[in-house]
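This report goes through a set of side-chain contacts, cores and surface features. The sequence and structure come next, and the notes follow.

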Amino acid sequence: MKITLYILVGFLNLTVQSALESASALIPISVQNAIQATATTVGALEENPQAQTTQSGRSIAQVMPVSQLSDVQPQDWAFQALQSLVERYGVIAGYSDSTFRGRQTLTRYEFAAGLNAVLERISELIATGASESISSKDLEILQRLQQEFAVELTTLQSRVDSLEARTAGVEANQFSTTTRLSGQVIFALNGGGFEGNRIIAPRGALIAQDDPNPTFLYRTTFNLNTSFQGDDLLQVRIVTGSDRTEDNVTGVLEPSLGSVLDFTQQGVDDTFSVSRAYYRFSPTPDLEVTIGSRFSAFDIIDKNSFANNSSLDFSTQMFINNFFLVPRPLGAGAGVVWNPSQGALTLRAVYVATSAEENFPENNRLFGGGRPEDVRLFPTGGGGSRGSLFGDPRQGIVELEYAPSKAFAMRLQYGGGEVFGSNFDVLAANFNLALSDQFGIFGRYGYGSYPDTTLGDIHPNYWMAGISLQDLFVPGALTGIAVGQPFIDNAVGNATQTNIELFYNLPINHNIRVTPLLQIVIDPGNQDSNGTIVTGTLRTVFNF
């Protein structure tokens with residue numbers, strides 16, 4: 001038996017109208033679901049009980065006035081029935097193209113699905129004491145229809161019962177190991193130059209006499225995220241990237257004090273490497289534990305709402321983290337995060353041991369890794385039992401955060417350890433403050449004590465600060481400007497280097513963001529004879 005949707009609408013209008021008169025406030029959503037069910041095949045209901053698409057695969061739109069339905073005219077016999085259901089009760093939905101398609105055919109099972117929904121609604125009215133609003137005539141009609149469609153209604157009920165049983169089984173056996181792949185690709189075009197005739201390093205070595213060529217840079221990251229219990233994480237991260245010898249202009253001209261683009265240091269000369277291999281779990285609601293053979297201390301400490309992600313906000317290395325705290329942040333070890341009673345205070349602690357023989361990209365960070373022209377805080381050749389979990393190099397960091405609201409957070413930090421036989425101690429602070437939904441300020445400060453460096457015993461300072469703007473010109477856009485001095489110490493050069501970065505992050509869609517950014521380095525390498533470095537980068541980030 002085939003009937004049209006118009007006939008069903010007329011029947012529902014006649015049958016349900018009297019019941020709705022005294023209980024209309026209770027009914028619209030349920031009746032709307034009943035009508036939508038008539039446009040959904042039984043097979044689709046079995047596969048997806050929440051589906052709201054028709055046999056043609058087109059989604060049903062929101063309820064709209066009958067006058068907006070292009071294929072329903074005032075002279076049509078069903079116009080008033082539709083008008084009553086739509087405008088008085090809000091129970092009929094049109095399609096996204098503003099059509100109703102009332103002449104399309106329905107099967108007996110589709111009609112039974114709508115009838116079953118109406119019967120359930122009538123039962124609800126009776127259960128809530130609104131049975132006086134239902135006329136005996138309506139009940140007689142429903143009874144006859146129920147008898148006529150008894151077979152179809154029974155079939156529907158059996159299928160619903162089967163779905164409920166399968167759902168209950170899934171809920172009772174929720175445990176499953178789930179592994180998901182996510183990733184990120186960063187492409188960047190970079191170019192620029194410097195004023196003057198040359199650039200020299202903090203120790204006087206010649207860096208460059210000519211502007212470097214523009215470069216194309218990339219980094220690719222793959223994350224394999226596995227959960228065993230739903231609130232834990234086993235992560236393996238694989239990275240590759242462009243050859244670091246073809247770094248961005250500021251990284252070539254000023255390699256010692258953190259002017260490099262941070263994301264360019266994540267690759268290993270066009271080869272693949274494992275940069276994360278750790279397991280994170282919560283033994284109690286207030287405690288989170290991370291252990292692993294490869295993780296970064298900055299995955300746990302020194303977070304900041306506005307300057308912490310080189311693929312989203314600032315890309316200049318010295319603005320991303322305070323590297324006074326952790327000179328060699330990647331290695332093996334453990335970290336804990338304790339937030340008592342989910343309150344304003346959070347205590348974090350990290351221990352990282354790095355193999356002295358291995359040269360991870362994340363270890364070639366601030367203050368140089370070994371070139372003669374670099375400032376080397378930890379000269380190689382020192383003592384210590386290298387290569388073991390509790391040997392040299394090793395670092396420990398403790399951070400106490402006070403965050404009374406999402407708008408403000410202050411973090412006090414201590415870091416120390418032994419690297420290549422040299423001990424170090426650092427005190428630091430980090431804060432972010434959202435003054436409104438669109439405007440925020442932030443900053444970091446560090447004071448370190450480093451004995452036995454290539455420059456002797458030194459006590460450098462570090463600071464950076466900036467502002468962040470959200471939704472500037474375009475919803476979802478992110479803008480920031482930061483300024484800072486990465487290494488303030490009289491023993492290093494005859495001036496103090498100052499870094500500035502300005503960026504505008506524009507969302508293209510959910511997965512792609514494009515960011516033009518400008519870097520300025522004044523007195524690079526702490527040398528007043530060096531001209532100002534100015535570079536521009538067009539960063540494109542694709543997340544998947």
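## Salt bridges

Arg 280 and Glu 288 form a salt bridge, with 3.8 Å between the closest N and O atoms. A salt bridge here is a side-chain nitrogen of Lys or Arg within 4 Å of a carboxyl oxygen of Asp or Glu. Arg 280 counts as buried, at 18% relative accessibility, whereas Glu 288 is partly exposed, with a relative accessible area of 30%. For these labels, buried means under 20% relative accessible area, exposed means over 50%, and partly exposed is in between (1.4 Å probe, protein chains only). The count by this rule is seven salt bridges. As a general point, side chains of opposite charge can pair when their charged atoms come close.

The model is predicted: local features need pLDDT of at least 70, side-chain atom pairs count only at pLDDT 80 or more, and totals for chains, interfaces and linings use all residues. Residues are numbered from 1 along each chain as its sequence is written, and side-chain values use heavy atoms, with hydrogens and water left out.

## A salt-bridge network

Glu 401 and Arg 348 meet through their side chains in a salt bridge of 3.5 Å, N to O. This pair links distant parts of the chain, with Glu 401 in strand 14 and Arg 348 in strand 13, 53 residues apart. Helices (H or I, at least four residues) and strands (E, at least two) are DSSP runs, numbered from the N terminus. Glu 401 is buried at 8% relative accessibility, and Arg 348 is buried with a relative accessible area of 12%.

Glu 401 also forms a salt bridge with Arg 411, where the closest N and O atoms are 2.8 Å apart. Arg 411 lies in strand 15 (residues 408-419) and Glu 401 in strand 14, so the pair ties together parts that are ten residues apart in sequence. Arg 411 is buried, with a relative accessible area of 4%. Through shared partners, salt bridges join Arg 348, Glu 399, Glu 401 and Arg 411 into one network.

## Nonpolar surface patch

A nonpolar patch on the surface is formed by Trp 338, Leu 345, Leu 347, Val 398, Leu 400, Tyr 402 and Leu 412, which together have about 650 Å² of accessible area. Patches are made of residues with over 30% relative accessible area and no salt bridge; like charges are joined within 9 Å, and nonpolar side chains (Val, Leu, Ile, Met, Phe, Trp, Tyr) within 5 Å. Accessible areas come from the Shrake-Rupley method with a 1.4 Å probe, and for residues only the protein chains shown count as cover.

Strand 13 and strand 14 (394-405) are the elements that give two or more residues to the patch. Strand 14 gives the most, with three residues. Val 398 lies in strand 14 and counts as partly exposed, at 41% relative accessibility.

## Nonpolar cores

The largest nonpolar core has 45 residues, and those with the most contacts inside it are Ile 301, Phe 314, Val 350, Tyr 450 and Met 464. A nonpolar core is a set of buried Ala, Val, Leu, Ile, Met, Phe, Trp, Tyr and Cys residues joined through side-chain atoms within 4.5 Å. The elements that each supply at least two residues of this core include strand 5 (178-194), helix 9 (317-320), strand 13 (345-353) and strand 16 (422-434). Another core, of nine residues, lies apart from it; Ala 208, Val 249, Leu 253 and Ile 533 are among its members.

## Aromatic pairs

Rings of Phe, Tyr and Trp (its six-membered ring) pair if their centres lie within 6.5 Å; planes under 30 degrees apart count as stacked, over 60 as edge-to-face and the rest as tilted. By this rule there are 15 aromatic pairs. One of them is the edge-to-face pair of Phe 228 and Tyr 279, at 6.1 Å centre to centre with 65° between the planes. Phe 228 lies in the loop between strand 8 (215-227) and strand 9 (233-241) and Tyr 279 in strand 10 (residues 273-284), so the pair ties together parts that are 51 residues apart in sequence. Phe 228 is partly exposed at 30% relative accessibility, and Tyr 279 is partly exposed at 22%.

Elsewhere, ring pairs link Phe 306, Phe 314, Phe 319, Phe 442 and Phe 503 into a cluster.
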